[in-house]
Amino acid sequence: MSNLVNVIIDGQECTAKEGEYILNVARANDMFIPAICYQTKCSPTLACRLCLVEADGKQVYSCNAKVKEGMNISINTPNIEKERRAIMEVYDVNHPLQCGVCDQSGECELQNYSLYMKVDEQNYSVKDVHRPTAHWGVMNYDPGLCIVCEKCVTVCKDMIGSNALSTVKRGADALSAEYKASMPKDAYAMWNKLNKNLIGFDEDKCIDCGECISVCPVGALVSSDFQYKSNAWELTKIPASNPYSSDCSLLYYDVKHTSIEKNTEKSIYRVTNDAHYTSLSGAARFGFDYLNRAQKNEEAFKKAVESVKNADTILFNSYITNEEAKILQLLKEKLKLKLVNEDALKFQNFMDDYSKVTGKSLYNGKLEDIHNSNFIVSVGSFLKSDAPAVKYAFNNAITINKGAGLYFHSMGDKHIEGFGKKGKTIETIVNKPFSEDSILYFILDQFGKDLPTELEEYLASKREQRTKTVVETVKESVTETVVDEATGESKEVTKMVSKKVPTEVEYTYTTLLDLIGADESLLETITEMLLKKDTYSIIIGEDCITHPKGLKIATLAAYIEKYTDFKVIVTPTQTNTLGVSQICDLDVISTGKTVGYNIKADYQLSALGDGDIDMPPLNQQEGTFVNIDKNLVPTNAAIQYDGYTLNDIANEILDYKAKYTIDYTQEIFNGVKFDDLENHFTNDRVEHRGYSIDFTEETVGVEVPDLKEHFTHDKVETEGLGVNIKELESLQIINTSSSALEINEDEYIIYRANPINQFNEFTAIAKQLQKETVSLYISTTLKEKLALEEGDKVAVTANSATVTLDVKIDNDLVGDISYVPTFDKNVDTKSLFKNRLEVAKLRKV
Ligand code: SF4
Ligand code: SF4
Ligand code: FES
């Protein structure tokens with residue numbers, strides 16, 4: 001794929017990657033080919049046929065035809081123009097005349113292309129059928145407007161991994177045979193398909209991400225919240241970054257005034273994205289409607305300054321900008337206070353240990369590496385909730401690259417099982433709780449090259465030669481006597497026949513599979529999966545970062561980077577975990593008087609408007625984040641904020657006085673000013689968003705861990721299962737002696753996880769994300785086992801805390817582990833957890 005070829009498009013010489021579609025090559029070279037149904041990074045649907053071009057004298061669809069060395073391509077020929085004109089005319093058959101009220105008007109591809117192709121008359125007609133509108137999850141579907149381009153179906157399958165949309169029968173009369181003879185061939189084929197289909201919806205599979213709304217070229221799929229609220233051209237697009245997860249994907253806050261008297265009073269009407277470059281989670285798309293309309297109050301401000309000056313500790317999370325992190329760090333240095341952020345500290349410690357092996361301060365992979373891989377492994381991430389963009393990349397890669405993947409998690413997830421096309425594309429392995437270390441050893445065992453001797457010896461100690469009986473087909477010669485019917489003579493005939501024979505074969509087993517809790521068939525599955533695979537990525541999730549054996553897991557993950565062909569992507573847990581961990585010098589324990597930034601404390605700064613003084617939420621702030629790809633990316637304020645900021649408080653304390661918070665941008669990493677940061681993609685799909693932070697420099701002054709002791713120790717501890725993890729005093733980054741949770745008969749394991757589209761206290765209050773609540777999410781199996789029904793109340797007790805929660809059934813969940821969310825600050829479920837997995841008592845009340 002990396003070989004370059006030279007092609008000529010409309011007389012212009014272009015260089016392209018071998019295997020690239022003609023359409024993408026033309027776009028990368030700023031040449032326009034009409035196209036409606038192609039969705040970048042997804043399989044071509046070949047529905048619209050507008051992208052016809054002539055390549056070396058043959059008509060081909062440019063979204064599906066790959067460039068070849070020396071290819072000569074013409075975008076327009078008289079025949080192609082005739083086809084395109086007829087296609088657009090057909091698309092306009094029976095299309096309702098409601099552009100005046102349609103949400104898509106002004107950004108509608110049907111409007112645009114009808115004008116572009118100069119459709120000013122209609123030569124075709126067909127009797128239509130009644131097509132009632134429908135309300136589906138977060139959207140409304142109007143089949144009267146649907147042009148059945150199948151982009152929604154494709155993006156849901158190839159990118160999101162939900163498969164919630166499909167084509168269904170339209171029930172219309174067949175087209176008149178006369179058209180076949182009288183109209184251009186492609187236009188007829190397109191119409192014939194269009195006239196047979198509509199789109200159907202499976203509510204159980206939909207995760208309310210809204211990506212199908214984003215790709216719909218017409219007004220057929222629209223956000224039910226946004227519908228009829230505004231014309232597209234009245235909205236101002238503010239480029240920003242996803243404030244909820246570390247993909248920090250580029251999004252736009254579409255903003256408009258709310259008052260005709262004061263043009264300054266504005267609201268966010270919707271969030272949009274350019275789906276050709278990036279996809280959004282439902283949280284990023286629909287969790288935008290909290291705003292802090294704060295006003296200044298001098299008395300309150302003085303108290304805030306005093307509280308910070310007198311504080312011993314500032315508590316905060318990683319849903320803040322780099323600039324705010326920098327201010328907190330400067331406050332720490334000036335006031336000698338403690339900075340406590342458990343999330344960023346765990347990540348920081350994980351990467352410190354990781355870098356001792358690799359010599360680089362961060363991991364080597366990016367989201368794009370996952371998209372480009374054909375073999376992907378995920379370890380320790382509840383992917384669909386923890387990191388939607390990583391999940392999309394995983395699904396996209398195994399679907400589009402004829403790839404395969406392994407998903408290791410202690411909770412089975414049918415949503416993930418549905419990834420990829422038919423066949424052996426994904427294997428989900430429900431691993432034993434806290435067995436992530438064994439999984440990483442297993443990956444090293446299967447894929448490691450030139451491993452350090454101690455590690456190799458350890459892995460060898462886990463291997464066993466075993467035999468098994470397999471049925472082989474052998475050819476055998478059989479001689480039979482046959483009688484010639486005509487002559488009655490007998491003669492002997494010898495022929496080869498196939499015979500199934502049981503055979504004993506020797507194979508290498510690793511007892512690591514027992515520690516993981518995986519079936520030995522996994523070894524064969526991997527062998528099958530690896531056929532024709534050459535590009536590998538591994539996702540290291542939050543369960544690894546927060547694992548009680550943090551140091552060991554980090555070391556093992558780093559060995560994978562160093563001694564295998566995998567690109568390693570460690571998933572930062574919150575939006576700016578990576579940025580905070582790079583900027584702040586963090587403390588383990590808080591002491592004395594506390595000030596909390598969006599965290600409960602003696603004195604609270606709150607962007608939710610419920611603390612002692614207001615702060616701006618992320619959609620009302622300018623600043624930067626460091627995303628999962630290690631890029632510093634900018635975000636802008638959608639709506640003006642009139643209250644005080646952290647910078648205002650810092651200006652009363654620090655010697656450096658910054659007029660705006662973003663004056664600190666140039667103080668971070670490489671000194672670029674905020675206003676000089678780019679935030680867009682170009683037609684060649686290259687990202688121009690901020691800059692890549694330098695993580696490649698060799699870390700100095702570190703000692704590589706003593707491997708010998710490390711692995712010797714492991715032999716004891718991985719076999720010493722059964723020590724209750726709760727006995728361990730500190731759950732900081734220490735090497736514990738436990739690999740599994742000990743549970744009694746009346747106990748169950750609970751897992752700390754939010755439901756899809758919920759991340760924190762801001763998504764908790766977003767109007768369109770109210771579907772999920774803080775409940776005990778259980779599988780249907782556990783529901784039967786505990787004789788529970790949806791809505792029952794259960795007292796959950798763990799770590800000496802008890803919280804009563806409603807029961808909710810998650811139909812995708814497999815197994816006995818239930819999960820408990822922590823996104824709502826009004827329900828104290830955090831106290832149930834010291835680790836991500838805990839042993840709990842569940843009692844129906
Ligand atoms: S709903 Fe929109 S995206 Fe889906 S097939 Fe219809 S027109 Fe295309
Ligand atoms: S909202 Fe997302 S999951 Fe649901 S149908 Fe659309 S693309 Fe699929
Ligand atoms: S874009 Fe190629 S067929 Fe529609």
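User: Which residues of α2 are buried, and what covers them, α6 included?
Analyst: In this predicted model, helices (H or I, at least four residues) and strands (E, at least two) are DSSP runs numbered from the N terminus, and buried means under 20% relative accessible area, exposed over 50% and partly exposed in between, with a 1.4 Å probe and protein chains only. Helix α2 is mostly covered, with 10 of its 14 residues buried, and its cover includes β3 (52–55), β4 (58–61), β5 (72–74), α3 (109–116) and α6 (185–194), where contact means heavy atoms within 4.5 Å. The buried residues are Ile80, Glu83, Arg84, Arg85, Ala86, Ile87, Met88, Glu89, Val90 and Tyr91.

User: On what basis are such values counted, and how are residues numbered?
Analyst: As this is a predicted model, local features need pLDDT of at least 70 and side-chain atom pairs count only at pLDDT 80 or more, while totals for chains, interfaces and linings use all residues; side-chain values use heavy atoms, with hydrogens and water left out. Chains are lettered from A and ligands numbered from 1 in the order in which they are written, and residues are numbered along each chain as its sequence is written, from 1.

User: Which residue just after α11 takes a positive phi, and what is found at the start of α11?
Analyst: At the start of α11, a side-chain oxygen of Asn341 comes to within 3.2 Å of the backbone nitrogen of Asp343. The helix itself is mostly covered, with 13 of its 17 residues buried. Just after α11, a positive phi of about 80° is taken by Gly359.

User: Is Asn757 buried or exposed?
Analyst: Asn757 sits in the loop between β32 (747–752) and α25 (761–765). Leaving aside neighbours within four places in sequence, Asn757 is in contact with Ile207, Asp208, Ser281, Gly282, Ala283, Thr763 and Leu769, and a polar atom of the Asn757 side chain lies 3.4 Å from the backbone nitrogen of Ala283. Because the relative accessible area of Asn757 is 11%, this residue counts as buried.

User: Which residues around ligand 1 are the closest?
Analyst: A residue is near a molecule if one of its heavy atoms lies within 4 Å of it. Ligand 1 has 13 residues around it, and by class these are 12 nonpolar, no polar and 1 charged, where Ala, Val, Leu, Ile, Met, Phe, Trp, Tyr, Cys and Pro count as nonpolar, Asp, Glu, Lys and Arg as charged, and the others, Gly among them, as polar. The closest are Cys146, Cys149, Glu150, Cys152 and Cys216.

User: How many nonpolar residues are in the shell around ligand 2?
Analyst: The residues around ligand 2 include Met139, Cys156, Phe201, Cys206, Asp208 and Cys212. The shell has 2 polar and 1 charged residues, and its nonpolar residues number 9.

Notes: Polar contact = N/O pair within 3.5 Å; in protein donor to acceptor, adjacent residues only side chain to side chain.
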